[in-house]
Amino acid sequence: MAKNKSLSRQKAEIKALESMVECLTAFAKTKAIIFKKTHELSITTGAEVGLLIFSPSGKPYTYGSPHHFDTIADKFLKWKLNDGKNNYSNIVESNRNKEYELLMVQKEKLEKLLDIIQEIQNRSTGPYSVESCMMNDLNVAVDADGGETSASN
């Protein structure tokens, strides 16, 4: 006797959804299922589970059990940094140094602009209007930063 195909479980074809609405709807439903299964895995096995998902629109969603995701991610990163096979600590330190240098350059530029603004505020009288002083001073600040604008007198 032939088996009725309508009663058996059939394999669904997996393909990209064309409509953004369909895509977001499918993402929301699937995300809920994955989070539920992740929670079940954590509860049944006692494992620490961290999950990070980016939606089609680019929004991050995180889940952590039994701890918050950040705690689990930090634990993972520390484990990776201490792993003798990978040299991630040098890369992290190098990136920190580069970010620090960029922040220091931005800080210096902002301090120069703040000094100029304070100097303008302190000028109460003079042959020039406040607007012309501000423009001349800002042009000088741009020149000091290596810009191509020159101060016009």
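**Reading a predicted chain**

Visitor: Which side chain meets that of Glu-40 in a salt bridge?

Guide: That of Lys-37, with N to O at 3.6 Å. Keep in mind that this model is predicted.

Visitor: Where do Glu-40 and Lys-37 lie, and how far apart are they in the helix?

Guide: Count positions along the helix. Both belong to helix H1, three residues apart, so about one helical turn separates them. Next, check the exposure of each partner. Lys-37 is exposed because its relative accessibility is 52%, over the 50% cut-off. Glu-40 is partly exposed, at 32% relative accessible area.

Visitor: How many salt bridges does a search of the whole structure find?

Guide: Three. One of them joins Lys-75 and Glu-48, whose closest N and O atoms are 2.7 Å apart. Lys-75 sits in helix H2 and Glu-48 in the loop between H1 and E1, so this pair ties together parts 27 residues apart in sequence. Glu-48 is partly exposed, at 36%.

Visitor: Which residue does Lys-107 meet in a salt bridge?

Guide: Glu-111, again with N to O at 3.6 Å. Lys-107 is partly exposed at 42%, and Glu-111 is partly exposed at 38%.

Visitor: How do strands E1 and E2 run, and how many bridges join them?

Guide: To read a strand pair, look at direction, then at partners. E1 (residues 49-54) and E2 (residues 60-65) run antiparallel, joined by six bridges. Val-49 stands opposite Ser-65, and Ile-53 has Tyr-61 as its bridge partner.

Visitor: Which residues of E1 are on its covered face, and which on its uncovered one?

Guide: Val-49, Leu-51 and Ile-53 are on the covered face. Gly-50, Leu-52 and Phe-54 are on the uncovered face.

Visitor: Which residues make up the largest nonpolar core?

Guide: Start with the general idea. In soluble globular proteins, nonpolar side chains tend to be buried together. Here the largest nonpolar core has five residues: Phe-27, Phe-35, Leu-51, Ile-53 and Tyr-63. Helix H1 (20-45) and E1 each give two or more of them. Setting aside residues up to four places away, Ile-53 touches, among others, Phe-27, Ile-34, Phe-35 and Tyr-61.

Visitor: Is Thr-38 buried or exposed?

Guide: Compare its area with the cut-off for burial, under 20%. Thr-38 is buried because its relative accessible area is 9%. Thr-38 lies in helix H1. Beyond its neighbours within four places, Thr-38 contacts Val-49, Leu-51 and Tyr-63.

Visitor: What share of the chain is buried?

Guide: Buried residues make up 12% of the 153 residues. The accessible surface comes to about 13100 Å², and 58% of that belongs to carbon and sulfur atoms.

Note on methods. Residues are numbered from 1 along each chain as its sequence is written. This is a predicted model: local features need pLDDT of at least 70, side-chain atom pairs count only at pLDDT 80 or more; totals for chains, interfaces and linings use all residues. Side-chain values use heavy atoms; hydrogens and water are left out. Buried means under 20% relative accessible area, exposed over 50%, partly exposed in between (1.4 Å probe, protein chains only). Accessible areas come from the Shrake-Rupley method with a 1.4 Å probe; for residues, only the protein chains shown count as cover. Two strands pair if DSSP finds at least two bridges between them. Helices (H or I, at least four residues) and strands (E, at least two) are DSSP runs, numbered from the N terminus. A nonpolar core is a set of buried Ala, Val, Leu, Ile, Met, Phe, Trp, Tyr and Cys residues joined through side-chain atoms within 4.5 Å. Contact means heavy atoms within 4.5 Å. A salt bridge is a side-chain nitrogen of Lys or Arg within 4 Å of a carboxyl oxygen of Asp or Glu.
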